[in-house]
Amino acid sequence: MASTSVQRETVARKALRLYPDRTVEPAGYGVYRVEGREVAYTVDLGIDGGVESCDCPAHKPCYHIAMATIYRARTRMEARRVQTARTAERAARGNLEPLNALERMGA
Ligand SMILES: [Zn+2]
């Protein structure tokens with residue numbers, strides 16, 4: 001008999017693999033609707049010190065929770081990226097202002 005090694009895919013790997021093809025919708029206050037294979041589940045990431053939960057039949061940390069976590073992380077990263085770009089633009093404008101003032105004075 002051939003020896004086979006079936007490695008169980010971790011919840012995190014499964015979530016990363018499925019993430020591009022599944023819909024995650026924020027419902028507010030750390031609650032997300034995560035598209036499962038057939039139906040969508042409600043995930044509560046337990047912000048404000050609560051416990052993470054999902055209403056799917058799996059009684060263990062499931063990939064829906066991991067997918068909601070990925071969604072939240074990516075959304076926050078994007079928000080930070082936009083904020084950083086705005087701050088840099090404001091700073092650049094601020095640095096240019098004295099030069100523009102000199103130019104207006106004909107210097
Ligand atoms: Zn679940």
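**Reading the sheet, the helices and the core**

Reply: Let us begin with a turn. In the hairpin of β1 and β2, 2 residues lie between the strands, and Tyr 29 there takes a positive phi near 55 degrees. Please bear in mind throughout that this is a predicted model.

Me: Where does Tyr 29 lie, and is Tyr 29 buried or exposed?

Reply: Tyr 29 lies in the loop between β1 and β2. Because Tyr 29 has 10 C-beta neighbours inside 10 Å, it counts as exposed. Asp 48 is placed in the loop between β3 and β4, and it counts as exposed because 6 C-beta neighbours are found inside 10 Å.

Me: In what order do the 4 strands form the sheet?

Reply: The order is β1-β2-β3-β4, in an open sheet with antiparallel pairing. Its edge strands are β1 (24–28) and β4 (53–54), each of which pairs on one side only. Helix α2 (residues 63–104) packs on this sheet and touches β1, β2, β3 and β4, its direction making about 115 degrees with that of β2.

Me: How many bridges join β1 to β2, and how many join β2 to β3?

Reply: Between the antiparallel strands β1 and β2 there are 4 bridges; within this pairing, Glu 25 has Arg 33 of β2 as its bridge partner. Strand β2 (residues 31–35) is joined to strand β3 (residues 40–44) by 5 bridges, again in antiparallel fashion. Val 34 is partnered with Tyr 41 of β3, and Val 31 with Asp 44 of β3. The hairpin formed by β2 and β3 has 4 residues between the strands.

Me: Which residues of β2 belong to its covered face, and which to its uncovered one?

Reply: The covered face consists of Tyr 32 and Val 34, while Val 31, Arg 33 and Glu 35 make up the uncovered face.

Me: What is the general idea behind a nonpolar core, and which residues touch the most other members here?

Reply: In soluble globular proteins, nonpolar side chains tend to be buried together. In this model the largest nonpolar core has 13 residues, of which Val 24, Tyr 32, Val 34, Val 43, Ile 65, Met 67 and Ala 68 touch the most other members. Two or more residues come from each of β2 and α2, and α2 gives the most, with 6 residues.

Me: At what angle do α1 and α2 pack, and why are they described as oblique?

Reply: Helix α1 (residues 11–18) packs against α2 at about 60 degrees, with the axes 8 Å apart. Angles of 65 to 115 degrees would count as roughly perpendicular and those under 35 as roughly parallel; α1 and α2 are therefore oblique to each other. Their crossing is right-handed. The contact involves Val 11, Ala 12, Lys 14, Ala 15, Leu 16 and Leu 18 of α1, together with Tyr 63, Ala 66, Met 67 and Ile 70 of α2.

Me: Is Gly 94 buried or exposed?

Reply: Gly 94, found in helix α2, counts as exposed because it has 9 C-beta neighbours inside 10 Å. From C-alpha to C-alpha, Gly 94 and Gly 46 are 41 Å apart in space, and 48 residues separate them in sequence.

How values were computed:
Residues are numbered from 1 along each chain as its sequence is written. This is a predicted model: local features need pLDDT of at least 70, side-chain atom pairs count only at pLDDT 80 or more; totals for chains, interfaces and linings use all residues. Two strands pair if DSSP finds at least two bridges between them. Two residues are in contact if their C-beta atoms, placed from the backbone, lie within 7 Å. Axes are lines fitted to C-alpha atoms, for helices over the stretch in contact, and angles run from 0 to 180 degrees between N-to-C directions. A nonpolar core is a set of buried Ala, Val, Leu, Ile, Met, Phe, Trp, Tyr and Cys residues joined through C-beta atoms within 7 Å. A residue is buried if 20 or more other C-beta atoms lie within 10 Å of its own, exposed if 12 or fewer, and partly exposed in between; C-beta atoms are placed from the backbone. Angles under 35 degrees count as roughly parallel, over 145 as roughly antiparallel, 65 to 115 as roughly perpendicular and the rest as oblique. A crossing is left-handed if the near helix is turned anticlockwise from the far one by less than a right angle, and right-handed if clockwise.
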